[in-house]
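Have it open while you read.

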Amino acid sequence: MTNFAFSRIVFISLIALLMSSEPGNSKSDIEANEFMNTLSQHIVNIVTDDKLSKAERNEKYYKLFVSSLDILNISKFILSRYWDIATPEQQQEFINLLEKITVMIWANRFQMNYTNESLEILSISNEDDREWLVDSQITNKNNDKINLQWKLRESDDNSFLIFDVLINSISMIITQRLDYNAIMRANNGNIDKLIEIMRTKLSQLQASH
Amino acid sequence: MLISCMLLLDCFYKKNLLFIKIITFTLILVGCSSLSTENKDNYIDEQINDPLESINKITFSINESMDTYVFHPLATGYRQIVPSFGRNLVRNFIDNLKTPSYFANDMLQGNFHDAAITLKRFLLNTTVGILGLIDIAELIEIPAHKNDFGKTLGIWGIDEGPYLILPILGSSNLRDTFGLIVESFIDPINYYIKNKKHYWIYPTRVGITGISLYENQIDNIDDIKSMSLDYYSSMRSIYQQHRTSLINSAKNDKKSNNPSLNKTDSSLFNMLFNTGIYR
């Protein structure tokens, strides 16, 4: 092999190496955009379907959000330092209850604010290797513009999961975390007491929504 | 601090009592803000900043009782009696009266772009919009924004100080409370009331403003109440996040010189998550 040919091979190999070492995500901004548009359209369909009963609507929201939420990491974030001292049974019970409560919160808030207009996606930024921040806006029923920021994560099975939603810069999981931690502090870190309070709250929500 | 002291001396010589009070309050505020930072260290992993929690909770429960028996029924009745169009007129009128305050704070923050927009809105809405009843400016896409002296102080670097629950008014902090007090002194409507001795205007304005604002937020308040395990903590968190986000957003806009959406204040989130404190 001549020196010139060898140099060409090395040069081309270097180029290929550089291109492959770009922060190549398995998911792209375009896929994040598609995920959000699909999710938003599903929400609009539920909000605007007048034929649905309350129970049917809640069921649809549950199916939609439970598959979209990163509930394990949300649970760990909200329970914070108490996660490590909880038993596996307590952790599982907490996750189950939190999932149901969170879905009801989100469903109620979207039902309050969404109209027949879909989400307007303003920007998508890649925060980390597998995390995205989606900036969006909706116009609610009072004609007010509401800013929504979605924190998305790529899951192990290559799908998108929602970690947080910020409504006009108010983070839902930070609010929940401080809420739940206040209960833990008031009950000397007793996780069973928190779980009992969550069960009561869930029953109240199910009765009223 | 040095500028405040110099201004204070100047005011003593000129015997300008109002400004002496304002500057004295500013010095106290700066001192208290630094004290609250020390207390905040105890809550650093939760960013609660509520050393007066026990007193705040008493005021909160009194406010809650007044909400249940007075304000909520009044706001609900107002909503049922006055149609949406009428409520919008009231909201626009009240907001227009506050525009001089928004303008003053835009200028104090060095945000001359927003100040120009505020001035345009005020002139348009007061004239063509019939004393602000109709938000003509919004119709021709001159966007509205609010501002307050508490936000101005935040942009100037004054720390929020401890979380406070004010009687009737609800969530605040030391900085924002001071901002409210200063604004009441510089509000031109209040000067008009004092000069003309039309004192009935003051409680009327406060009452109508309160009911209008409460009615506008009633669904959100009910939602937060029903969804929270600890309503007090949820409201505190929401207030603190909201104010921090407003101030950081304004600071970011100043740096980039580019009006933008309110961006997330990710400092709390990142601190909690990246340091593993979520675990």
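1. Start with α6(A), whose buried residues are I173(A), I174(A), T175(A), Q176(A), R177(A), L178(A), D179(A), Y180(A), N181(A) and A182(A). Buried here means 20 or more other C-beta atoms within 10 Å of the residue's own, with C-beta atoms placed from the backbone. Helices are DSSP runs of H or I with at least four residues, strands are runs of E with at least two, and both are numbered from the N terminus.

2. Quick housekeeping: this is a predicted model, with local features needing pLDDT of at least 70 and side-chain atom pairs pLDDT 80 or more, while totals for chains, interfaces and linings use all residues. Residues are numbered from 1 along each chain as its sequence is written, and chains are lettered from A, ligands numbered from 1, in the order written.

3. On the interface, 31 residues of chain A are in contact with 25 of chain B, contact being C-beta atoms, placed from the backbone, within 7 Å. On the chain A side, α6(A) gives the most, with 8 residues.

4. Over in chain B, β1(B) (163–166) and β2(B) (170–173) pair antiparallel over 4 bridges; pairing takes at least two DSSP bridges. I165(B) sits opposite S171(B). The two strands form a hairpin with 3 residues between them, and I168(B) in the turn has a positive phi of about 70 degrees.

Conventions
A residue is buried if 20 or more other C-beta atoms lie within 10 Å of its own, exposed if 12 or fewer, and partly exposed in between; C-beta atoms are placed from the backbone. Two residues are in contact if their C-beta atoms, placed from the backbone, lie within 7 Å.
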